[in-house]
Amino acid sequence: MTVQQHTGRNTKTPRKKRLIIKVGSNVLTRNDGKLDVTRMSSIVDQVVWLKRNGYEVILISSGAVASGRNELRVNKKLDSVKQRQLFSALGQVKLIGLYYDLFREYNMHIGQVLTMKESFSTRDEYLNQRACMNVMLENGVIPIVNENDTVSVTELMFTDNDELAGLLASMMGADTLIILSNVDGIYNGNPKAPLSRVIPIVNYDRDLSEYIQDTKSNFGRGGMITKTNIARKVAEEGIKVVIANGKTNNILINLVSKPQETLHTEFLPNPNPTSQVKKWIAHSESFAKGKIHINDKAEEALKGDKAVSLLLVGVTGIEGDFEEGDIINVVDNQGNTMAIGRSNYASDEARKLIGTHDLKPLIHYDYLYIE
C-alpha cells in the first residue's frame with residue numbers, strides 16, 4: 001500500500017468554472033417562426049462537451065412560445081398577452097421534453113426552473129432560488145431556466161431573457177455569461193455596412209451607445225441595447241460577458257477552446273467587484289417599492305471616495321409605501337436614480353423622521369449600491 005505524505009497543501013478539488021449560457025429566440029427559431037430542432041440539438045451537443053471538459057453549465061433557453069405557436073390552431077383572435085400565455089404553456093412542455101430527450105442520449109440529467117421577476121425581489125426568495133440551482137449543480141444536473149410566461153405579464157415580466165441571464169449570472173457567481181444571439185457581437189457601425197467590424201474587447205465601464213441601434217429581434221422581446229446594458233452591469237460585478245452568434249457552428253466550444261480565433265464581443269470584468277449582497281441590490285432597481293429624494297450634501301457624500309450610509313438628515317422627501325427590508329431607489333435633485341438600497345425603516349416611520357440627526361441610517365452602506 002502506498003502512503004502519501006501530507007504536504008500541507010489544500011487538496012480540496014478546485015471549483016469548476018461556471019458558465020451561464022443564454023440562448024435567444026432568434027437562435028432557436030427558424031425564419032418561419034418554428035422551433036429549429038437541429039440548432040437546439042447542436043447547442044445540447046456543445047453543452048455536453050463543456051460538461052465533459054470540466055465546466056458547470058446553467059442554460060437559459062428561450063423558445064417556449066415558438067414551440068407552442070404551431071401546436072394549436074386558435075379559432076378566435078387573442079390579444080398578445082393571452083397568446084403568449086397559451087403558446088408558452090403549450091410550448092414549455094414540448095421544449096423541455098426535447099431537451100430531456102437530447103440530453104438523455106448522453107446520459108445527462110436536466111432540471112427545469114421556471115422563474116419570475118418578482119422572485120428576485122426579496123432576499124429570501126433570491127437565496128432560495130440560488131440554493132435550488134446549487135444543489136442541482138452539485139448533483140450533476142443541468143438547470144434549464146426560462147421565465148414563467150404563463151403568469152409573468154405586463155409589469156411582472158423581465159425585459160427579456162437577457163435580463164434574467166444577468167440576474168442569474170450575478171446570483172450564481174458565474175465566471176462567464178455567454179449571450180447567444182443571431183449576430184456575431186457588437187459592431188462599430190451598421191452591421192450591414194461593408195466596413196463595419198465586430199468590437200472584440202470592451203471594458204466594463206465603456207459607453208457603447210453610439211454603436212447600438214434601437215431595434216428588437218424578430219422573435220425575441222429584446223434587442224442589442226438590452227444586451228449591452230446587461231453585459232456592462234454584469235461585467236461591472238466582476239463577471240466576464242460574451243456576446244456571440246449562436247448560429248455559428250460549435251460557437252460554445254470555440255469560445256472556450258480558441259477564443260482568439262472566434263468572432264465575438266467580450267466585456268472585461270471589473271477587477272474590484274462589489275459584494276454578493278450589493279450584486280443583488282444592483283439588479284433590483286425595478287423592484288423598488290419607494291423613492292428617496294436627497295439634498296446636495298447627501299448626494300456629495302454618497303458619491304465620495306468613502307463608503308457612507310444614507311442618513312435621514314439628508315433626506316428631503318419620500319415617495320411610495322414600503323416596509324423595512326424593501327428595496328428603495330435614491331434620486332438626486334434632477335430626479336435621476338443615483339443609488340439603490342435596502343431600507344432600514346418602513347415608509348411611514350421614515351417620513352416622520354426626515355431631517356433628524358443621530359438615528360440609524362435609512363440605508364446602511366453594506367446594503368447601498370451607487371450607480
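**Reading helix contacts and a buried strand**

Tutor: Tyr126, Gln129, Arg130 and Met133 in helix α5 meet Leu168, Ser170 and Met171 in helix α6, where contact means heavy atoms within 4.5 Å. This is a predicted model, in which local features need pLDDT of at least 70 and side-chain atom pairs 80 or more, while totals for chains, interfaces and linings use all residues. Residues are numbered from 1 along each chain as its sequence is written, and side-chain values use heavy atoms, without hydrogens or water.

Student: At what angle do the axes of α5 and α6 cross?

Tutor: Two packed helices are described by the angle and the distance between their axes. Here the axes of α5 (residues 123–138) and α6 come within 10 Å and cross at roughly 75°, and the two helices are therefore roughly perpendicular to each other (65 to 115 degrees).

Student: How many residues of α6 are buried?

Tutor: In α6 (residues 161–171), 11 of its 11 residues are buried (under 20% relative accessible area with a 1.4 Å probe, protein chains only), and just after this helix glycine 173 takes a positive phi of about 60°.

Student: Which residues of strand β2 lie on each side?

Tutor: In a regular strand the side chains alternate between the two faces of the sheet. In β2, Tyr55, Val57, Leu59 and Ser61 lie on one side and Glu56, Ile58 and Ile60 on the other, and all are buried.

Student: Which strands do bridges join to β2?

Tutor: Strand β1 (residues 17–23) runs parallel to β2 and is joined to it by 7 bridges, with isoleucine 21 opposite leucine 59. Strand β4 (residues 142–147), also parallel to β2, is joined to it by 2 bridges, and there valine 145 is the bridge partner of isoleucine 60.

Technical notes. Buried means under 20% relative accessible area, exposed over 50%, partly exposed in between (1.4 Å probe, protein chains only). Helices (H or I, at least four residues) and strands (E, at least two) are DSSP runs, numbered from the N terminus. Axes are lines fitted to C-alpha atoms, for helices over the stretch in contact, and angles run from 0 to 180 degrees between N-to-C directions. Angles under 35 degrees count as roughly parallel, over 145 as roughly antiparallel, 65 to 115 as roughly perpendicular and the rest as oblique. Two strands pair if DSSP finds at least two bridges between them.
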